[in-house]
Amino acid sequence: MKIIITGVSGFVGQNLSTYLNEQNYFLSEISLRKEWKLEKEARAIIHLAGKAHDTANTSADDEYFKVNTDLTKKLFDEFLDSDIEDFIYFSSVKATADTVDGILNEEHVSDPKTPYGKSKLFAEEYLLSKTLPAGKRVFIIRPCMIHGPGNKGNLNLLYNVVEKGVPWPLAAFENKRSFLSIDNLNFLIHEILKNKNILSGIYNFADDKSISTNELIEIIGKASGRKSKLWRVPSGMISLLAKLGDTLKLPLNSERLKKLTESYEVSNEKIKKALNLNKLPVSSEEGLIKTIKSFQSK
């Protein structure tokens, strides 16, 4: 089966393309920043390319809409005019909610606040507004925080804190967060591609169990062989330091503090029900340990 994939150079693209090659798919890569042509014999398009959320808030707003919205519209229009059967669009949970009360599911009324989230939502709305020709399917995938070997981000930051023996000063913040291991992401996309009975729609991708940041620090200690140290510094004091970081461009700023300490739980029940699964192949802790151990070889 031939699959067209965009954004193959990114973290998800590299891992997913390797996995699908191992499953005997033939991949055709296209760049949306250049002229492209959809191959007639392709069975599906996996659209990963996009402008990621800039937590430093240095990107111009219109750049998100040019890349995440306009290019998606153009690619989707060509899909509608082609014989390709499936369009898999990687959106984000941030397209529906920047903060979550309770557990986020696909029925949540979308109200993103950032240009990134809005640009993703506008692309989703365009895809859903079109009438699909017979035999075609459209999947809007909303992954939560993706991790895996080779991925850099907040997990790497937390690993460095534990590995250096630095106490974690944010233990006073109680939260629960959903993560998504790259192994579970790869598995779910493969299942969608091979199962023609799954209906078009929006699907959240997340691991089965949410993890608190304090639990995550302990998992990092377990994976790295280091004793984790949790300090309960008053949350008000930490918030003041983060605001200072906004002004002085320090590593800890309000945006990063929010990402590290807020609760953001995501339900994966819809995709598991569609695939008739009780659980995903990789547990939340197993996936995190695999990612964390990859940092040790750097």
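User: Which elements each supply at least two residues of the lining of the second largest cavity?

Analyst: α5 and α10 do, each with at least two lining residues. Elements are DSSP runs numbered from the N terminus: helices (H or I, at least four residues) and strands (E, at least two). This is a predicted model, where local features need pLDDT of at least 70, side-chain atom pairs count only at pLDDT 80 or more, and totals for chains, interfaces and linings use all residues. Numbering starts from 1 along each chain as its sequence is written, and side-chain values use heavy atoms, with hydrogens and water left out.

User: Which residues line the second largest cavity?

Analyst: First, the term. On a 1 Å grid over the protein atoms alone, a cavity is a set of points where a 1.4 Å probe fits but cannot get out; a pocket is an open set with protein on both sides within 12 Å along at least five of seven lines; lining residues have an atom within 4 Å of a point. Here the lining consists of H147, G148, P149, S181, I182, D183, G287, K290 and T291. α10 gives the most, three residues.

User: What volume lies in the second largest cavity?

Analyst: About 30 Å³. A volume is the space filled by probe spheres set on the grid points, which are joined across faces, edges and corners. The structure holds two cavities of 30 Å³ or more. The largest cavity has about 70 Å³ of space.

User: What lines the largest cavity?

Analyst: Look for M145, N154, L155, L158, R177, F179, T213, L216, K259 and L260. At least two of the lining residues come from each of α4, α6 (213–224) and α8. α4 contributes the most, three residues. By class, the lining is six nonpolar, two polar and two charged.

User: Now the open spaces. How much space lies in the second largest pocket?

Analyst: About 300 Å³. Of the 16 residues lining the second largest pocket, L157, V161, W168, P169 and L252 are the closest to its centre. α4 (154–163), α7 (235–248) and α8 (254–261) each give two or more residues to this lining. The largest share, four residues, belongs to α4. The lining of the second largest pocket has 13 nonpolar residues, one polar and two charged.

User: Which residues have the most contacts inside the largest nonpolar core?

Analyst: A nonpolar core is a set of buried Ala, Val, Leu, Ile, Met, Phe, Trp, Tyr and Cys residues joined through side-chain atoms within 4.5 Å. Buried means under 20% relative accessible area, exposed over 50%, partly exposed in between (1.4 Å probe, protein chains only). The largest core has 40 residues, and I46, I88, I141, L185, I189, L193 and F205 have the most contacts inside it. Two or more of its residues come from each of β1 (2–6), α1 (11–22), β3 (44–47), β4 (86–90), β6 (137–143), α5 (182–194) and β9 (201–205). α5 holds the largest share of this core, seven residues. A second, separate core of 25 residues includes V162, F173, F179 and I217.

User: What does F205 touch, not counting residues up to four places away in sequence?

Analyst: Contact means heavy atoms within 4.5 Å. F205 touches I141, R142, P143, C144, L180, L185, L188, I189, I192 and I271, with residues up to four places away in sequence not counted.

User: How far apart in space are E163 and G221?

Analyst: Their C-alpha atoms are 7.7 Å apart, across 58 residues in sequence. E163 sits in helix α4 and is partly exposed, at 27% relative accessibility.

User: Last, the backbone. What is phi of K249?

Analyst: Most residues other than glycine have a negative phi. Phi of K249 is near 60°, a positive value in a residue other than glycine. K249 lies in the loop between α7 and α8, and it is exposed, at 69% relative accessible area.

User: Where is N276 placed?

Analyst: N276 is in the loop between α9 (269–274) and α10 (284–296). Its phi is also positive, near 60°. N276 counts as exposed, at 71% relative accessibility.

How values were computed. Nonpolar A, V, L, I, M, F, W, Y, C, P; charged D, E, K, R; others polar.
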